[in-house]
Amino acid sequence: MKKNFLSPFFTPIFFLVTWGIILAIVFTFFPEKRFEITVDGSIIDISTYCGYAILLCGMLYFFKDFKENQRLNWFIFFLLSVCALLREAGIQHHLSSTDTTPFKSRFFLNPNNPLSEKILYGLVLIVFFSMIVYLVVKYAKHLIVSFFKLNTITWSTAVLCCCLVFSKIIDRFPANYRHTHNIPLSRSAIDTCSFLEESSEIFIPIIAFIILWQNHFLIKRN
């Protein structure tokens, strides 16, 4: 069992099979409810929060797997996990006193928004992207090389990145379509996009936890 879990193909297969089952069940038996099960308090919403609870507990549990010279990495991973949880909770919509969210370019370009908020949330964005750049610079070369060597952690990380990118693309698709074609998508298409986004986001904390777990076993084995 552990051998299969540590296979580089475990996470891709787990994601595709599990997400495929979710899609098949909803589109087959509950096609008209695909939007209802994505709203706040729905089963998908609750499942996502449970995933983040498991991830954060896992970060604390596997803390000892990070050696002393890796503690900064652990802190960044933990902080990014908290940021992802807060974003999922929609905290960005409650931060600005004058706008819908302070994390878009229009917020900083709008003269009606307070300068103090622009400075504060500008610093938050600088810290956030600094952490991302740090991780990219430190691990990008290793991830590219080890991907072709069938490294387990690298393949799991690739699945995680695909989930993040896909959820962002599908989230913006209705608005981009309307902007490009000057007509909105149908209500049915928008509901489908919402369901695809929310259902894929369930796996972001789960896959991150799987990476921690796989890393723990690999450390013990080595």
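User: Taking helices (H or I, at least four residues) and strands (E, at least two) as DSSP runs numbered from the N terminus, how many helices and how many strands does the protein have?

Analyst: This is a predicted model, in which local features need pLDDT of at least 70 and side-chain atom pairs count only at pLDDT 80 or more, while totals for chains, interfaces and linings use all residues. Residues are numbered from 1 along each chain as its sequence is written, and side-chain values use heavy atoms, with hydrogens and water left out. From the N terminus on, the elements run α-α-α-α-α-α-α-α-α. The count therefore comes to nine helices and zero strands.

User: In which loop is Leu150 found?

Analyst: Leu150 is not a glycine, yet its phi is positive, at about 60°. With buried meaning under 20% relative accessible area, exposed over 50% and partly exposed in between (1.4 Å probe, protein chains only), Leu150 counts as partly exposed at 41%. Its place in the chain is the loop between H6 and H7.

User: Does Asn182 count as buried or exposed?

Analyst: Asn182 lies in the loop between H7 and H8, and its phi is near 60°, a positive value in a residue other than glycine. Its relative accessibility is 65%, which is over the 50% limit, so Asn182 counts as exposed.

User: Which residues does Asn110 touch, not counting residues up to four places away in sequence?

Analyst: Asn110 sits in the loop between helix H5 (105–109) and helix H6 (115–147), where a relative accessible area of 25% makes it partly exposed. Asn110 and Thr98 are twelve residues apart in sequence, with their C-alpha atoms 9.9 Å apart. If contact means heavy atoms within 4.5 Å, then the residues that Asn110 touches are Asp99 and Lys118.

User: Is Gln214 buried or exposed?

Analyst: Gln214 lies in helix H9. Leaving aside neighbours within four places in sequence, its contacts include Phe5, Leu6, Phe10, Thr152 and Ser156. Its relative accessibility is 0%, so Gln214 counts as buried.

User: How many residues apart in sequence are the parts tied together by the pair of Phe62 and Phe209?

Analyst: Rings of Phe, Tyr and Trp (its six-membered ring) pair if their centres lie within 6.5 Å, and planes under 30 degrees apart count as stacked, over 60 as edge-to-face and the rest as tilted. Among the 24 aromatic pairs of the structure, that of Phe62 and Phe209 is tilted, at 6.2 Å centre to centre and 45° between the planes. Phe62 lies in the loop between H3 and helix H4 (71–88) and Phe209 in helix H9 (residues 203–221), so the parts tied together are separated in sequence by 147 residues.

User: How is the pair of Phe128 and Phe129 classed?

Analyst: Phe128 is partly exposed at 29%, and Phe129 is partly exposed at 47%. Their ring centres are 5.3 Å apart and their planes stand at 80°, so the pair is edge-to-face.

User: How much space lies in the second largest pocket?

Analyst: On a 1 Å grid over the protein atoms alone, a pocket is an open set of points where a 1.4 Å probe fits, with protein on both sides within 12 Å along at least five of seven lines, and lining residues have an atom within 4 Å of a point. The lining includes Ile22, Phe30, Ser47 and Phe195, and by class (Ala, Val, Leu, Ile, Met, Phe, Trp, Tyr, Cys and Pro nonpolar; Asp, Glu, Lys and Arg charged; the others, Gly among them, polar) it has nine nonpolar, one polar and no charged residues. Helix H2 (10–29) and helix H3 (43–61) each supply at least two of the lining residues. Grid points are joined across faces, edges and corners, and a volume is the space filled by probe spheres set on them, which for this pocket is about 180 Å³.
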